[in-house]
Amino acid sequence: MAEKFDSVVVGAGPAGIAAAYTMAKAGLNVIVLEKGEKPGAKNMFGGVIFRHHTEQIAPEFWKTAPIERHVVEYQYWFLSKDSHLLLSHRNQRFNSKYNAFTVHRAKFDPWFAKLAEDAGATIINRTTADDVIKENGKIVGVKTERGDILGAVTIAADGVNSLLSKHAGLREELPPDAVVLAVKEVIALPKQKIEERFNLGSDEGVAAMLIGWGPGMHAGFMYTNRDTISLGIAINLRDLDKSGQRPNVLMEQFKSHPSIAPLILDGELKEYSAHLIPEGGYDYVSRIHTDGMMVVGDAAMLVNAVNWEGTNLAMTSGIMAGQTVIEAKKANDFSARMLAKYRERLESSFVLRDLRKYREIPKFFSTNPHFFSLYPETMNELAYMWHVVDDETKEAKIKEIQSTLFKRRSRLGLLRDAYRVWRLFS
Ligand SMILES: Cc1cc2nc3c(=O)[nH]c(=O)nc-3n(C[C@H](O)[C@H](O)[C@H](O)COP(=O)(O)OP(=O)(O)OC[C@H]3O[C@@H](n4cnc5c(N)ncnc54)[C@H](O)[C@@H]3O)c2cc1C
């Protein structure tokens, strides 16, 4: 292609499309390259998209977008081998002011990409950007099997493995403790059955995080779609390696947990997939701009593991990168100095402020695995002891509960853990 674009965007996920839409709407000449046969073909997640950030591109998008359910309840499950303790927040306000929607990416991403196309961006599917093209130390485009594609600014929105940022020298190979492997199944059930099992009204949904149970297992997730349930586990790659266990075996164990199995009983497996999530946090957000190039979304490690937010950070970084290209074009300056405004925008937004604030959290939990084993196990045990009715007095029960608790974790250990968690989050 001889034409030189204002911007070449690599990847048609939420980050790339948000960038392309922002630039195309301002009249810039934008091309998006997507390696899948269509946007979303290669993408999988749990998961939810968030109203607030999606509306910055598409106001009231739920009226036309292929969404599944709006979330009215957030659940936190603490699992032991044969029981669970459930903390849950359901709020009717989520019915009048939507907060998040479950979606299937294979349906949502093409719809989202069409917005960028309608704004004037060109999307080329089945095209992989294999490398960046450098001229006098500046990135001036990308190499593809169809030929070189040139642009004043290249935006790498190519997801967690981001070949382009590695080729541009912006990032190293990610260490295993910065990445989580998510294994997910989509299980089909009649719509009515899902609503009965999760106590939901029509179109209402649940987003659940499950913590505990099983060696090497950090967390599980469960999202209700219209007539399917997305269910999966997420394991830090280093922990997975240490545990010597296979993800598919862990997934089977998870599905057969006595608290989970009844929710998916008689369900039909529709899809099985695995994907990496860059959950390392702020310390792994390395250089994200250089002469002629910016990195957005997962490629830039913009995932907030605390609340499992990724799509909103991806969209926001895409919009901010797009705004920076618009300014750069006005100034006819695509240097690293000019593109540094993208980093400044991110640093002063919730994206990097949140990641900076919680930068210790990924490391803290990965070096304190008892939060995912001892605590859920003990919480379940104590709840059991309290609920068993026999001839023992309540006073004796409380003493027994205390002694069980202190046998498992010393008073000092408990105090230290509580203080450290409070410090991490405050
Ligand atoms: C199991 C799971 C559950 C999740 N749950 C949630 C959730 O509930 N809420 C949430 O907000 N986030 C969630 N996330 C995270 C979220 O999916 C990501 O943060 C988000 O998709 C990042 O968007 P992106 O555009 O940066 O990258 P991606 O969505 O990964 O898109 C990258 C795109 O680039 C394309 N591509 C890659 N390389 C090339 C190349 N060389 N040339 C051309 N195209 C290329 C890919 O095909 C893909 O379409 C979850 C992730 C997983 C795996």
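**Figure 1. Lys184, a buried lysine in a strand.** With a relative accessibility of 4%, Lys184 counts as buried (buried means under 20% relative accessible area, exposed over 50% and partly exposed in between, using a 1.4 Å probe and protein chains only). Lys184 sits in strand β11, residues 179-188. Helices (H or I, at least four residues) and strands (E, at least two) are DSSP runs, numbered from the N terminus. Leaving out residues up to four places away in sequence, Lys184 touches Met44, Phe45, Gly46, Phe221, Ser230, Leu231, Gly232, Glu271, Tyr272 and Ser273; contact here means heavy atoms within 4.5 Å. A word on the model: it is predicted, so local features need pLDDT of at least 70 and side-chain atom pairs count only at pLDDT 80 or more, while totals for chains, interfaces and linings use all residues. Residues are numbered from 1 along each chain as its sequence is written, and side-chain values use heavy atoms, with hydrogens and water left out.

**Figure 2. The buried residues of helix α8.** Helix α8 runs over residues 247-255, and its buried residues are Leu250, Met251, Phe254 and Lys255. They cover an arc of only 135 degrees around the axis, which puts them on the same side of α8. That arc is the one made by the directions from the helix axis to the C-beta atoms.

**Figure 3. The largest pocket.** This pocket has a volume of about 1,100 Å³. Pockets and cavities come from a 1 Å grid over the protein atoms alone: a cavity is a set of points where a 1.4 Å probe fits but cannot get out, a pocket is an open set with protein on both sides within 12 Å along at least five of seven lines, and lining residues have an atom within 4 Å of a point. Grid points are joined across faces, edges and corners, and a volume is the space filled by probe spheres set on the points. Of the 49 lining residues, Asn43, Gly159, Val160, His275 and Asp298 lie nearest the centre of the largest pocket. Strand β15 gives the largest share of the lining, four residues. By class, the lining has 26 nonpolar, 15 polar and eight charged residues (Ala, Val, Leu, Ile, Met, Phe, Trp, Tyr, Cys and Pro count as nonpolar, Asp, Glu, Lys and Arg as charged, and the others, Gly among them, as polar).

**Figure 4. The second largest pocket.** Here we have about 780 Å³ of space. Of the 31 residues that line the second largest pocket, Met209, Ile211, Ile361, Phe365 and Phe372 are the closest to its centre. Elements that each supply at least two lining residues include β12 (204-212), α13 (361-367) and α16 (411-425). The lining splits into 24 nonpolar, five polar and two charged residues.

**Figure 5. The largest cavity.** A search of the whole structure turns up two cavities of 30 Å³ or more, and the largest holds about 50 Å³ of space. Glu279, Gly281, Tyr282, Val303, Asn304, Ala305, Val306, Leu355, Tyr358 and Pro362 line the largest cavity. Seven of them are nonpolar, two polar and one charged.

**Figure 6. The second largest cavity.** This one has a volume of about 40 Å³. Among the residues lining the second largest cavity are Ser165, Arg171, Tyr284 and Met301. The lining divides into seven nonpolar, two polar and two charged residues.
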